[in-house]
Amino acid sequence: LTKAGTLTGLDQTTGVGRKTTTSSSQYTLVDKADYSDDKAHKVYIKNLSTSNSEFVNIEIGGSNTTLGRLYGGDWAFLPYDGSNDIDIDTSANAMSIEYMVIYEQ
């Protein structure tokens, strides 16, 4: 995991955090305002549910384009350029999501 255009490793992280939803509505998980555009950020997201019927939709940008769906126990590791918010929608209330951003300033 290196910085954009270099062999230098990424050295910043948000640390692993958790979000528990209160409804199945959209939540902003990663706010673009916190990251520089065109950098080599990475995002980790995990659905902590143990039910294979509960899922999390990962969405990006103002139009909320769906990137994919994580079922119980699934996780994703994505490159992120910092130019759009990353949002989630869940299939149920009170779902827990684990996430982290590894980034450069």
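This is a predicted model: local features need pLDDT of at least 70, side-chain atom pairs count only at pLDDT 80 or more; totals for chains, interfaces and linings use all residues.
Two salt bridges were found in a search of the whole structure. In one of them, the side chain of lysine 3 meets that of aspartate 11, with an N to O distance of 3.6 Å. Lysine 3 is partly exposed, its relative accessible area being 22%. The other salt bridge joins glutamate 98 to arginine 18, with 3.3 Å between the closest N and O atoms. Because glutamate 98 lies in strand β9 and arginine 18 in strand β2 (residues 17-20), this pair ties together parts that are 80 residues apart in sequence. The two partners fall into separate burial classes: glutamate 98 has a relative accessible area of 14%, under the 20% limit, and is therefore buried, whereas arginine 18, at 59%, is over the 50% limit and is therefore exposed.

Glutamate 98 belongs to the segment of β9 that spans residues 96-103. Besides the polar contact of 3.3 Å with the side chain of arginine 18, the glutamate 98 side chain makes a polar contact of 2.6 Å with the side chain of tyrosine 44. With residues up to four places away in sequence left out, the residues touched by glutamate 98 are Val16, Gly17, Arg18, Tyr44, Ile45, Lys46 and Leu48.

Isoleucine 45, one of these neighbours, is also part of the largest nonpolar core, which has 18 residues. Within this core, Val30, Val43, Ile45, Ile86 and Ile97 touch the most other members. At least two core residues come from each of β3 (27-30), β4 (41-47), β5 (55-60), β7 (75-80), β8 (86-90) and β9. In soluble globular proteins, nonpolar side chains tend to be buried together. Contacts of isoleucine 45, again without residues up to four places away in sequence, include Leu29, Ile58, Leu70, Trp75, Ile86 and Ile97, as well as Asp74 and Glu98.

Four aromatic pairs are present in the structure. In the pair formed by tyrosine 35 and tyrosine 103, the ring centres are 5.2 Å apart and the planes stand at 80°, so the arrangement is edge-to-face. Tyrosine 35 is in the loop between β3 and β4 and tyrosine 103 is in strand β9, so the pair ties together parts that are 68 residues apart in sequence. Both tyrosine 35 and tyrosine 103 are buried. Ring pairs also bring in Tyr80, giving a cluster of Tyr35, Tyr80 and Tyr103. Elsewhere, the ring of phenylalanine 55 has the charged end of arginine 69 over it, at 3.7 Å from the ring centre.

Conventions. Residues are numbered from 1 along each chain as its sequence is written. Side-chain values use heavy atoms; hydrogens and water are left out. Helices (H or I, at least four residues) and strands (E, at least two) are DSSP runs, numbered from the N terminus. Buried means under 20% relative accessible area, exposed over 50%, partly exposed in between (1.4 Å probe, protein chains only). A polar contact is a pair of N or O atoms within 3.5 Å; within protein, one must be able to donate a hydrogen and the other to accept it, and residues adjacent in sequence count only if both atoms are side-chain atoms. Contact means heavy atoms within 4.5 Å. A nonpolar core is a set of buried Ala, Val, Leu, Ile, Met, Phe, Trp, Tyr and Cys residues joined through side-chain atoms within 4.5 Å. Rings of Phe, Tyr and Trp (its six-membered ring) pair if their centres lie within 6.5 Å; planes under 30 degrees apart count as stacked, over 60 as edge-to-face and the rest as tilted. A charge sits over a ring if NZ of Lys or CZ of Arg is within 6 Å of the ring centre and within 35 degrees of the ring normal. A salt bridge is a side-chain nitrogen of Lys or Arg within 4 Å of a carboxyl oxygen of Asp or Glu.
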